[in-house]
Amino acid sequence: MSKVECQCCRKRMVPKVITSAPIYISGVPLGGGDPESSVCPFCLSPKWMLTERQTLAAGRANAEFYGIMVLALVNIVAFVRLGELGGGIVLAVTVAAFFLRSRIISALQQRLRH
Ligand SMILES: [Zn+2]
């Protein structure tokens, strides 16, 4: 295997392949040994092949997905608790927040930076 640069610690390394553990039945190993993932041997990061920008993009996608899930839950609870009128208001706020999310996120990031 040729050496590659780890995107986390910037060291030249050969990715260490992690294999799944076998199941032992009466001391006899069964299965296992399949490569599951690879990590950098220096910083043990599985994200050695990701650039910083890709990691950030993945993190942002996760945050966005999490936000949408929370908003969906809030809406369901609002409809159950508040009925159609209250649920409708919360839904309108949610839709507005969804469309303004990039502005809200950048505003939050600026606030965190200062
Ligand atoms: Zn590394």
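The site of the zinc ion is tetrahedral, with angles of 104 to 115° among its four donor atoms. Four donors count as tetrahedral if all angles lie between 85 and 135 degrees. Ideal angles at a metal are 109.5 degrees for four tetrahedral donors. The structure described here is a predicted model, in which local features need pLDDT of at least 70 and side-chain atom pairs count only at pLDDT 80 or more, while totals for chains, interfaces and linings use all residues. Residues are numbered from 1 along each chain as its sequence is written, and side-chain values use heavy atoms, with hydrogens and water left out.

The SG atoms of Cys6, Cys9, Cys40 and Cys43 coordinate the zinc ion, at 2.3 Å. Donors are N, O and S atoms within 2.8 Å of the metal (3.2 Å for Na, K and Ca); water is not among the atoms, so sites may look incomplete. Along the chain, the donors of the zinc ion follow the spacing C-x2-C-x30-C-x2-C.

Cys6 counts as buried because its relative accessibility is 0%. Cys40 is likewise buried, at 0% relative accessibility. Cys9, by contrast, has a relative accessible area of 25% and is therefore partly exposed.

Cys40 lies in the loop between β6 and α1. Helices (H or I, at least four residues) and strands (E, at least two) are DSSP runs, numbered from the N terminus. Leaving aside residues up to four places away in sequence, Cys40 touches Cys6, Cys9, Met13, Ser45 and Trp48, where contact means heavy atoms within 4.5 Å. Cys40 and Arg53 are 13 residues apart in sequence, and their C-alpha atoms are 18 Å apart in space.

Leu50 is found in the loop between β6 (35-39) and α1 (52-99). With a relative accessible area of 25%, Leu50 is partly exposed. Although Leu50 and Cys6 are 44 residues apart in sequence, the distance between them is 8.4 Å, C-alpha to C-alpha. Not counting residues up to four places away in sequence, Leu50 touches Gln7 and Thr55.

Ser38 has its place in strand β6. A relative accessibility of 17% is the reason why Ser38 counts as buried. Its contacts, apart from residues up to four places away in sequence, are Pro15, Lys16, Val17, Ile18, Ser45, Pro46 and Trp48.

Arg10 has a positive phi of about 65° although it is not a glycine. Arg10 is in the loop between β1 (4-5) and β2 (12-13), and its relative accessible area of 47% makes it partly exposed. Ser26, also a residue other than glycine, has a positive phi near 55°. Ser26 lies in the loop between β4 (23-25) and β5 (28-30), and with a relative accessible area of 77% Ser26 is exposed.

The description now turns to the overall division of the chain. The protein chain is divided into domain 1 (4-39) and domain 2 (52-113), with bounds that come from an automatic or database domain assignment. The C-alpha centres of domain 1 and domain 2 lie 37 Å apart.

Val77 is found in helix α1. At 46% relative accessibility, Val77 is partly exposed. Val77 and Leu108 are 31 residues apart along the chain, and 26 Å separates their C-alpha atoms.

A search of the whole structure finds one aromatic pair. Phe98 and Phe99 form this pair, which is edge-to-face, with 5.9 Å centre to centre and 75° between the planes. Rings of Phe, Tyr and Trp (its six-membered ring) pair if their centres lie within 6.5 Å; planes under 30 degrees apart count as stacked, over 60 as edge-to-face and the rest as tilted. Phe98 is partly exposed, with a relative accessible area of 32%, whereas Phe99 counts as exposed, at 62% relative accessibility. Arg101 lies over the face of Phe98, at 4.3 Å from the ring centre. A charge sits over a ring if NZ of Lys or CZ of Arg is within 6 Å of the ring centre and within 35 degrees of the ring normal.

Notes
Tetrahedral: all angles 85-135°; square planar, octahedral: opposite > 155°, others 65-115°. Buried < 20%, exposed > 50% of the residue type's maximum accessible area, 1.4 Å probe, protein only.
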